[in-house]
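Here is my note on the model, as numbered points. Please read it with the structure open.

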Amino acid sequence: MTVTRAPAESVSVLDRPNSYIGKTVPRPNLDRLLQGRGQYVSDLELPWMVHVVFLRSPHAYARIVAIDADAAKRMSGVIAVVTGRELEAVITPWVGVLSHLKGLKSAPQHAIAVDRVCWQGEAVAAIVATSRAAAEDAMEHIAVDYEELAAVTDMRTALDPATPVIHASLGDNLAFERTLDAGDVDHALSESEVVEAEFVFGRHTGVTLEPRAVVADWNPAEARLTIYQGTQAPHMVQNIAALHLGLREAQVRVVCKDVGGSFGIKVHIYADEMATYALSKLLRRPVKFVADRIESFNTDIHARDHRCRGRIGVRPDGTITAFEIDDLTGIGPYSMYPRTSAIEANQVVNLVGGPYVTANYRARARVVFQNKNVMCQYRAVGHPIACSVTEGLVDLAAAKIGMDPVEIRRRNLIADDAYPCASPSGMKFEQLSHHASLAKLLQMMDYDALRAEQAALRAQNVYRGIGIASFIEVTNPSAAFYGVGGAKISSQDGVAVRLDAQGSVICQTSITEQGQGSESLTAQIVGSVLGVSMDRVRVTLGDTDNTPYGGGTWASRGAGIGGEAALQAAKALRQNVLDVAAAILQSTPAGLDIVDNRIVNADDGESRIALTELARIVYFRPDTLPPGIQPELMATRHFVPRQYPFAFTNGVQASWLEVDTETGFVTLLKHWVVEDCGTIINPQLVDEQIRGGVVQGLGAALFEKCIYDERGQLTNANMADYLVPMSGEMPDIDIGHVVSPTLESELGAKGAGEAGTAGAAAAVANAVNDALRPFGATITEIPLTPQVILTALGRI
């Protein structure tokens, strides 16, 4: 049978025969990981390797008077005990600021504290020994004389004149302040019903399955440092390690193999990791550091510790007239390096009110120093705060005027045909789909039937609630995010692809893999464009010596930026292959195609030559090619967004839950998400990324909180006292999609990794308030623990 096809050039790479785009296929790394053959830093053993543990301060704020390590140095197996003063001769301090965040300030931070400790858990000495056990034993024999100082712990009083200033050189405890005033908020509120509330968010952290880990190996013979680290951004680590160790970037190699979860936790530069690099250079041998769980709670960045007062204006017909917020957050004693700790508050200002039509918006955000662990970017940076404030205010406004929460959203969400447009904060939206997403959500959850069930159960003293939360989400950030502020964090990604001598494809990409499927999506794109089966595509990532320069994986950019680079590199290689095939077959490139690992005729699909044979000719018998033909079976391409600072995604979530008004316990019954991430490369990966994000958002809503006392002591730095969601607490999570591809790339993909986290807590909080409406109780604090709920009900 003759099959007629369009010429190869007229077929979109997304619609090619046997394309993997839009299909669920097994991850290429699945068998290796399931068989326990992952390559994690903790597993790494090198010749002459030693282990480091850090003696950490028990005080939140204290002066280091003296350190006596003589007894520890004499213990068996101890190689060295190094203080901050000794290490500063090897590595320079850093300051976490960005120039475009006007007024942001921070003090210099050292790899190991020199004169003062500024939070409980800051390292004061490094103990290096032949085994971790020996180092831990020696640590017990170090005596540190501290002069404890008055700790600044309450963000609400950090700026009071009577409060001590943590860094005298900075003048006060204000790290950053931003104000925004768009439209005429006062006039709008004067003509509206006004609802206000203070939203309180519990500080929490990532709790990655694999803790932070690094092996640093300084080779004095080559004058080169190799860093094996579970990181999201290898080239960023390379740049910063070289800068502060006085090396050229070419003298530093960063290798990132398998990573057991990151969620933004492993995209930062930590003092203990910098100390490990420096110790290797100082001692001229490999040094290994692996954080234990208590260290992780005390030193992994925290996030979300905000108190945000918000106001909303609404007319009787449901029209939202204005939003106003005043956000306060405490970030610890330093702004984190190099991404800074002001980004989360800045994002809150950018994103509040984002899905809704209103020209009137006033915001203030203040970021203050305090003597607690450092806060910085964590999955969906600032989005859960902005979404919870926005959606909480919208629900309160609906209750004020007696309107259904869905109806008030219908009347105010930006219309799907209104794009491109911008928010009052200046965020530019290319194409979003709020109304289509809401309509799909209501259909999936059968909203009217749930309302009827809710009413019937209330008559039986069973209190269930429905919570809705629309959201927008920043993905695919351009250089406007960090590069504009002077941070050496690349906004581009690069991919190199080549055909090997047996017709398989080797792909080297600058994005990294922490479990989200970077390897799979890259192989799917490359295999689809080249007409090569996925089992013949091998992906290499996470090695600054062997991948193109790029930003890595953070801010939901892997598919949208790294995926587009893979697409363009594969297209270039495909054209090169067709050019040489045309020469061999005495055809034209336009008359040929690549399908199922073979060159075929574009018009009828007839097989002409296998890729294995073409590779054999190119690599081993180029003498048989026509004169003037010089095959190039490798191509490299980079991609960076330019037209828009971000590719915004959007969606809507709903929670159906039950509140036991006697005990205060919340039972999650069902959760729904409709999300628009543009082109979907692998539906299963996208859905599981969303579900994972939702679970983290549910943890924030109900369980997770880092609890500090008035002296700055973290009181629940263990898995017994810090609660995370388990499978038994989780509801079924149904996922639906609306697809609005970005036109800034040929692939059209936006990000999906953070959308679930962005709206989950807001949906749960609104559902709890909906359940408690018969009692007249309103809660604007998370986590929604039984104590919080029973207090709101007046039971305790």
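1. Start with the open sheet of 3 strands, ordered β24-β25-β26 with antiparallel pairing. Its edge strands are β24 (592-595) and β26 (607-610), each pairing on one side only. Neighbouring strands are turned by 30 degrees against each other on average, direction ignored. Two strands pair if DSSP finds at least two bridges between them. Strands (E, at least two residues) and helices (H or I, at least four) are DSSP runs, numbered from the N terminus.

2. A word on the basis. This is a predicted model, in which local features need pLDDT of at least 70 and side-chain atom pairs count only at pLDDT 80 or more, while totals for chains, interfaces and linings use all residues. Residues are numbered from 1 along each chain as its sequence is written, and side-chain values use heavy atoms, with hydrogens and water left out.

3. β24 and β25 (residues 598-601) run antiparallel, joined by 4 bridges. Asp 593 has Val 600 as its bridge partner in β25. Ile 594 is partnered by Ile 599.

4. The bridge partner of Arg 598 in β26 is Ala 610.

5. Axes are lines fitted to C-alpha atoms, for helices over the stretch in contact; angles run from 0 to 180 degrees between N-to-C directions.

6. The largest nonpolar core has 160 residues. Such a core is a set of buried Ala, Val, Leu, Ile, Met, Phe, Trp, Tyr and Cys residues joined through side-chain atoms within 4.5 Å; buried means under 20% relative accessible area (1.4 Å probe, protein chains only). Tyr 277, Met 445 and Val 768 have the most contacts inside this core. Helix α10 (residues 383-401) gives the largest share, 8 residues. Apart from it lies another core, of 50 residues, including Ile 21 and Leu 530.

7. Check the confidence (pLDDT, the predictor's confidence in each residue, from 0 to 100). The protein averages 96, and 98% of the residues score at least 70. Over residues 1-11, pLDDT stays under 50. That stretch has 20 contacts (heavy atoms within 4.5 Å) beyond four places in sequence.
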